[in-house]
Amino acid sequence: MKKIIATLNKPIKLWLDDIEKGALAQAEHLAALPFVFKHIAIMPDAHQGYGMPIGAVMATKDVIVPNAVGVDIGCGMCAVKTSLVNPDQNTLKKIMKGIREKIPVGYKHHLKKQEETNMPSGFNIAHLKVISQEYYSALRQIGTLGGGNHFIEIQRGSDGYVWLMIHSGSRNLGFKVAKYYNDLAISLNRKWHYPVPEKWQLAFLPAESSEGQEYFSEMQYCVEFALANRKLMMERVKQCLTDVVGHTDFGEMINIAHNFAAIENHFHASVIVHRKGATRAFQNQLGIIPGSQGTSSYIVRGKGEPESFMSCSHGAGRRLGRKQALRELNFNEQKKILDDAGIIHGLRSKKDLDEAPGSYKDIDSVMANQSDLITIEEKLRPLAVVKG
């Protein structure tokens, strides 16, 4: 931990040396909420979001805050180690071509509905208001990457082997659930004359209310859908690899989400932990912390640090906002960084600068700031990247 900021209500504990003004203001809003438990934890990749900073962890008593989970519910990472070593550029390009043919990216969905066996099981869809309306659309969304900072990467590990990594979430399904319940929370908070300013974007639902229970169920479905989405994409990426190089052994898939809320026990109390752009780092739990398409990613193992609510960063974190990156970064310079590193990348034109390496924080500094939260198991260098 780098710093503790005292407030009139709960303290803010930061795992970074400095924090942008907007993100700090949002952290102070969180700390002022009457239902916050213990303190607010800010991870080293933190930056401003909607309502709650990306890279923040908040524990609450008896209350759930949709905007403290975010719009891409269940967004997260998965990674698989392969038996492949030293693929040449031609091999990588062939694999990437197959991936682009099999996995829609950006706003694109599958033209045909995918098999329902790929969808989450164990839920009564009829009892989920939003999911039941969006279910058949989701059958064409499962197995698709999405846009923004989502990616598929082929990487070389410090162990010498090729790894496959995917960053994606719950697609439009999660967005619809998030918007419906945040709008509902705003409406209810107005009705109750709740004193927290609406402009803070932190409307809440009582956890034991029918609305709170419904949100929690639909949120859990989205978390499982996001995992199912990554699983299906990973199976197709693995197939693309074996189509090019032949028989390959694959390790067990590591999966971790970084936008969700869960009932957990911390400091001898049952609380609802909201992680928005933050990753669980329970004792000995494997996790994934990605960099940018020009920098290393990491497989990590959690230390179970109580003060962070057993959490760590979810990535490098943005240094520049998307529009700011388009204004300030030089396309030729950013492209040269990737070309000189020999990375098959997704930087095609100036409009892609929002995902250029220069728009992200230094991943090595981020990792150094959370050495008390995780240990590094594997360092992965990008070889080829498909961006959303």
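This is a predicted model: local features need pLDDT of at least 70, side-chain atom pairs count only at pLDDT 80 or more; totals for chains, interfaces and linings use all residues.

Within α1 the buried residues are Ala23, Gln26, Ala27, Leu30 and Ala31. When the helix is viewed down its axis, these buried residues fall within an arc of 145 degrees, so they line one face of α1. The cover over them includes the strands β2 (12–14), β3 (36–47) and β4 (54–60).

One of these residues, Gln26, deserves a separate look. Gln26 sits in helix α1, and because its relative accessibility is 7%, below the 20% cut-off, it counts as buried. Leaving aside residues up to four places away in sequence, Gln26 touches Gln48, Gly49, Tyr50, Gly51, Met52 and Pro53.

Further along the chain, the reader can turn to a pair of packed helices. Such a pair is described by the angle between the two axes and the distance between the axes. Helix α3, residues 129–141, packs against helix α4, residues 171–191, at an angle of about 160 degrees, and their axes are 8 Å apart. Since angles over 145 degrees count as roughly antiparallel, α3 is roughly antiparallel to α4. The crossing of α3 and α4 is right-handed. On the α3 side the contact is made by Lys129, Val130, Ile131, Glu134, Ala138 and Gln141, while α4 contributes Arg171, Asn172, Leu173, Lys176, Val177, Tyr180 and Tyr181.

Next comes helix α5, which covers residues 210–245 and has 36 residues. From its first C-alpha to its last, α5 reaches 53 Å, close to the 52 Å expected at 1.5 Å a residue. What follows α5 is Gly246, a residue whose phi is positive, near 85 degrees.

The last stop is helix α6, residues 322–328, where Lys323 is found. Is Lys323 buried or exposed? Its relative accessibility is 66%, and because this is over the 50% cut-off, Lys323 counts as exposed. Lys323 and Lys351 are 28 residues apart along the chain, and their C-alpha atoms are separated by 9.6 Å.

Note on methods
Residues are numbered from 1 along each chain as its sequence is written. Side-chain values use heavy atoms; hydrogens and water are left out. Buried means under 20% relative accessible area, exposed over 50%, partly exposed in between (1.4 Å probe, protein chains only). Helices (H or I, at least four residues) and strands (E, at least two) are DSSP runs, numbered from the N terminus. The arc is that of the directions from the helix axis to the C-beta atoms. Contact means heavy atoms within 4.5 Å. Axes are lines fitted to C-alpha atoms, for helices over the stretch in contact, and angles run from 0 to 180 degrees between N-to-C directions. Angles under 35 degrees count as roughly parallel, over 145 as roughly antiparallel, 65 to 115 as roughly perpendicular and the rest as oblique. A crossing is left-handed if the near helix is turned anticlockwise from the far one by less than a right angle, and right-handed if clockwise. The expected span of a helix is 1.5 Å times one less than its number of residues.
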